[in-house]
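Please look through the sequence and the structure shown below, and then read the report that follows them.

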Amino acid sequence: MSAAPQQRPELRFPPVENGLDYLVDVTNRLATEPGVDPSPRDLKYAVRSLQDATETLLKARLQHEHWALVVAKPDGATRAAFARGDFLSCTLAEAMGRLQKIAEVKLPPKGVAAVKRLARDRNALAHWGLTASAAAIEARAAAVLDFLLVFLDAELLPGLDAAETAAAETTMNVVRSQLRGITAYVDKRTKDIRAGLAPLTAVTVECPECAQPALVAGDGQPACRFCLLAWQDPAGAALDYAWIVRGQTPDDRVDGLRPVQVCQTCEEEALVLEAATVAAAPDTVRLCLGCGTDHTDTELHACEGSCGLLLPAGFPSSVCDNCTAAAWEGF
């Protein structure tokens, strides 16, 4: 008589445990020996696991508030379908919005920005491909990991029972110890470039790519001293900075103006109206990321139409040509 087949182990990963397991995978891939860089494959899967960890842990907190908040369209959700996992969940951006607006969870702006960068990387990997420096990936990963560990302590551990809390703390200690190895690289790189950046604080802002205060404007080619990314197009750098760092789209307005304007010095569309340079932060200045000119004290004239653009110096009208033409077409 043959022996009865052994029962295979059950796959059971509750949300918090599942999210922490992803974090362990991230740090295992990034926390290499000193002087040894993670492989491109490890960087790739670290990005994927970190995105999975972030979504899982943020949505676990939403579920503590109410299970329906995890569903993309809560109005049509049923508890039975949710229990089966038969539902479309909300996006990561929606999860952060619901945490802040409904659950009244205070998410730090830098943490939110780091998660947005991560989502962009994960989306690129899933749908096209990703080209980024190892320095940028490690710096961004360290920022997200730091955000998640604080989030876990403040928002998730208090909702667990004693056994779950003990297990989570054990895993978090492993992640914290490995995170020190990752941040050690970031700290060393920062120390290496500090002297070169010291005289450039008035034209240095946070890099949209690696989130380090190392993007130097000027010479028509803004470049980051930390991750070594250089923008061939200053306008692209300005738009990236406004959107990724400041959260401003071209449709937003700063004192009635679009957040990125044409610089009247170099004529590139790279003038950022709210640039938090290292020298000025937390205040902002009007800095051109192309030529590095600070226009904070320059008298600037806005078009009185609806375009949100600045008028060039000496322009003969208070309305630009495009708004004038649009007005005539409206008659």
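In strand 5, Val260 has Val272 as its bridge partner. Strands here are DSSP runs of type E with at least two residues, helices are DSSP runs of type H or I with at least four residues, and both are numbered from the N terminus. The model is a predicted one, in which local features need pLDDT of at least 70 and side-chain atom pairs count only at pLDDT 80 or more, while totals for chains, interfaces and linings use all residues. Residues are numbered from 1 along each chain as its sequence is written, and side-chain values use heavy atoms, with hydrogens and water left out.

Strands of a sheet pair through backbone hydrogen bonds, either parallel or antiparallel. Two strands are taken to pair if DSSP finds at least two bridges between them. An open sheet of three strands has the order 4-5-6, and its pairing is antiparallel. At its edges are strand 4 (260-261) and strand 6 (285-288), each of which pairs on one side only.

Strand 4 is joined by two bridges to strand 5 (residues 271-275), and these strands run antiparallel.

Which strand is largely enclosed by the rest of the structure? That is strand 5, because four of its five residues are buried, where buried means under 20% relative accessible area, exposed means over 50%, and partly exposed lies in between (1.4 Å probe, protein chains only). Helix 8 (residues 234-245) lies across strand 4 and strand 5, and runs at about 25 degrees to strand 5; axes are lines fitted to C-alpha atoms, for helices over the stretch in contact (heavy atoms within 4.5 Å), and angles run from 0 to 180 degrees between N-to-C directions.

**The sheet of strands 1, 2 and 3**

Another open sheet of three strands has the order 1-2-3, also with antiparallel pairing. Strand 1 (204-205) and strand 3 are its edges, each with a single partner strand, so one side of each is left without a neighbour in the sheet. Strand 2 and strand 3 pair over two bridges in the antiparallel sense, and the bridge partner of Leu215 in strand 3 is Cys224.

**Aromatic rings**

A pair of aromatic rings is described by the distance of the centres and the angle of the planes. Rings of Phe, Tyr and Trp (its six-membered ring) pair if their centres lie within 6.5 Å, and planes under 30 degrees apart count as stacked, over 60 as edge-to-face and the rest as tilted. The structure holds three aromatic pairs. In one of them the centres of the Trp67 and Phe82 rings are 5.3 Å apart and the planes stand at 45 degrees, so this pair is tilted. The pair links distant parts of the chain, since Trp67 is in the loop between helix 2 (40-65) and helix 3 (79-84) while Phe82 is in helix 3, 15 residues apart. Trp67, Phe82 and Phe87 form one aromatic cluster.

**A residue of helix 2**

Thr54 has its place in helix 2. Its side chain reaches the backbone oxygen of Leu50 at 2.7 Å. Leaving aside neighbours within four places in sequence, Thr54 is in contact with Leu92, Val115, Leu118, Val144 and Leu148.

The table lists the accessibility of several residues.

| Residue | Relative accessible area | Class |
|---|---|---|
| Thr54 | 0% | buried |
| Trp67 | 14% | buried |
| Phe82 | 12% | buried |
| Glu104 | 67% | exposed |
| Asp219 | 83% | exposed |

**Backbone angles**

Most residues other than glycine have a negative phi, and most peptide bonds are trans. Glu104 has a positive phi of about 55 degrees although it is not a glycine, and its place is in the loop between helix 4 (92-101) and helix 5 (109-127). Asp219, likewise not a glycine, has a positive phi of about 65 degrees and lies in the loop between strand 2 (215-216) and strand 3 (223-224). The peptide bond from Ala281 to Pro282 is cis, with omega near 10 degrees, and Pro282 is found in the loop between strand 5 and strand 6.

Note on methods. Polar contact = N/O pair within 3.5 Å; in protein donor to acceptor, adjacent residues only side chain to side chain.
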